[in-house]
Amino acid sequence: EFVFARHIYEYTFNLPYRDFPPYKTVLGYYLLSLPLFFFHSLLQPLFYIKGEIALINAGFIILCSLWATRFFDRKAVLFALLAVLANHTFLIYSADLRVDMLTSWLCLLMALCVLNHYFRLGGILFGIAFLVSQKALWYLVAIDGAMLICWLCNRSSSFSLRTLLIFNVTAVMPIALYVLGWSLIVGPSEVLYSLFYEAYIQAGIDWFIHIYLMCWEIALKRGPLLFLLWPLAFICLFEKSAEPSQLDRRLFLVSFASIALILFINYKQPFPYNFVLTVPAFFLLYAEFMTWFFMQKKVASGDPARSTLSLYFIYLMAFYIFWISVIIILFALNPINYLIALVPLLMSILLFLEKKTIRLSCFYVITIIMVAVGIVYPFYRLLVTSIHLNGNYQKKMIYLTASLLEKNEDYVGGVPFLYQKDQPIE
């Protein structure tokens, strides 16, 4: 975080592209730099920046949740929201001195706009998200891919080549204005090089590939349900009695979330703080899936509204359960996560068994497992972990370093713990 505090300080008091090559696009850093104009002590500005990020997060949580209730069941939105908020990576890293969480929120708003057929506004929001961080490109590919899949599967879909074109043209506009504005100040070559080529090179760096599995272990140990039940969401695509518009929405959201998650899994730098970029995918995926799931409680035994899949579905679920168990063993996850493997089994009974009492029992057991393992358990793990995260030792070391420095002295620390002072060697 001190590295990024240093970046924010540089953006505040120097001119990017001219005085230094920016690490990312600059919009997010300028937004986070506001406290530096009003507070000048050692650590106080950093706490205010984190407070600013927390307020931004709260605003987006309220806005996105209320908007989502236009499309999904309210209980489903509540579950999706709590499952995302309870996840270790969100609670620990969402207020980091980084721009990833802001990018993630803008991408979620973009997806909600597209879902509401506000394609121009969605494109503009993507452009703004890209100006916060180039990692927003994952969600551009996800949106484009999802709209294309919907159009290929159903030519009467509300997502067509025309809407795809409208979205992408408007998405380019904020980026073009950004390039033009900075090019007038420092010249186009520096801007284009930093914006595209350097970002492309950094995205392809594989220096950290040796810790790839370790990063995933850190993320999965504190709440794997979101990832492990992702494939189960595909079930809702086979509900034959659903309205065409509802099926269109389900196909779009499942495709959107799956493309985004596949791109994330293939990223060579899966540091735990990057997992906040999965928030749009998981929130919309589980809001849709849980909307479908809660509908199953109302479906009577033998009613054609139930999914009419073949017995191959049961074999597929058995294979799915096997791989959930393999992942739990491979990453040495807590044994409580074996309960997740029961969800596909119980879902099979819920869909195929005729007796209503047993089906209702399965519905309630699935609900209890998902709430317990997806929400209650991650919150508990965070409570246990947070006891040791007071930061007192680090703060004392920073104050000690600052007190030892005279007015014109430098220090070499590798990491810029004193973000407002230059190091002769970084």
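**Basis.** I am working with a predicted model, in which local features need pLDDT of at least 70 and side-chain atom pairs count only at pLDDT 80 or more, while totals for chains, interfaces and linings use all residues. Residues are numbered from 1 along each chain as its sequence is written, and side-chain values use heavy atoms, with hydrogens and water left out.

**Core.** I looked up the largest nonpolar core and found 139 residues in it, with F252, Y286 and M347 having the most contacts inside it. Such a core is a set of buried Ala, Val, Leu, Ile, Met, Phe, Trp, Tyr and Cys residues joined through side-chain atoms within 4.5 Å; buried means under 20% relative accessible area, exposed over 50%, and partly exposed in between (1.4 Å probe, protein chains only). I then listed what Y286 touches, contact meaning heavy atoms within 4.5 Å: leaving out residues up to four places away in sequence, the partners are A76, F79, A80, L225, L226, F227, L229 and W230.

I also checked T103, which is found in helix 6 (residues 100–115), helices being DSSP runs of H or I with at least four residues, numbered from the N terminus. T103 is buried, with a relative accessible area of 0%, and beyond its neighbours within four places in sequence T103 is in contact with A129, V132, S133, A136 and L277.

**Aromatic rings.** My search of the whole structure gave 30 aromatic pairs, where rings of Phe, Tyr and Trp (its six-membered ring) pair if their centres lie within 6.5 Å, and planes under 30 degrees apart count as stacked, over 60 as edge-to-face and the rest as tilted. One of them is F227 with F275, an edge-to-face pair at 6.1 Å centre to centre and 75° between the planes. F227 lies in helix 12 (residues 225–228) and F275 in the loop between helix 13 and helix 14, so this pair ties together parts that are 48 residues apart in sequence. Both F227 and F275 are buried, and both belong to one aromatic cluster, whose members include W138, Y212, W216 and Y286.

**Salt bridges.** I counted 8 salt bridges in the whole structure, each being a side-chain nitrogen of Lys or Arg within 4 Å of a carboxyl oxygen of Asp or Glu. E288 and R250 meet in one of them at 3.4 Å, N to O. Here E288 lies in helix 14 (residues 279–295) and R250 in helix 13 (residues 244–265), so the pair ties together parts that are 38 residues apart in sequence. Both E288 and R250 are buried.

D100 and R98 form a salt bridge at 2.7 Å, N to O, and these two residues are also buried. K221 and E217 have their closest N and O atoms 3.1 Å apart in a further salt bridge; K221 is partly exposed at 27% relative accessibility, and E217 is partly exposed at 28%.

**Surface patch.** I noted that L31, L34, F37 and F38 form a nonpolar patch on the surface, with about 410 Å² of accessible area together. Patches are made of residues with over 30% relative accessible area and no salt bridge, nonpolar side chains (Val, Leu, Ile, Met, Phe, Trp, Tyr) being joined within 5 Å and like charges within 9 Å; the areas come from the Shrake-Rupley method with a 1.4 Å probe, and for residues only the protein chains shown count as cover. L34 sits in the loop between helix 2 (27–32) and helix 3 (44–68) and is partly exposed, at 42% relative accessible area.

Definitions and conventions
Helix = DSSP H or I, 4+ residues; strand = E, 2+ residues; numbered from the N terminus.
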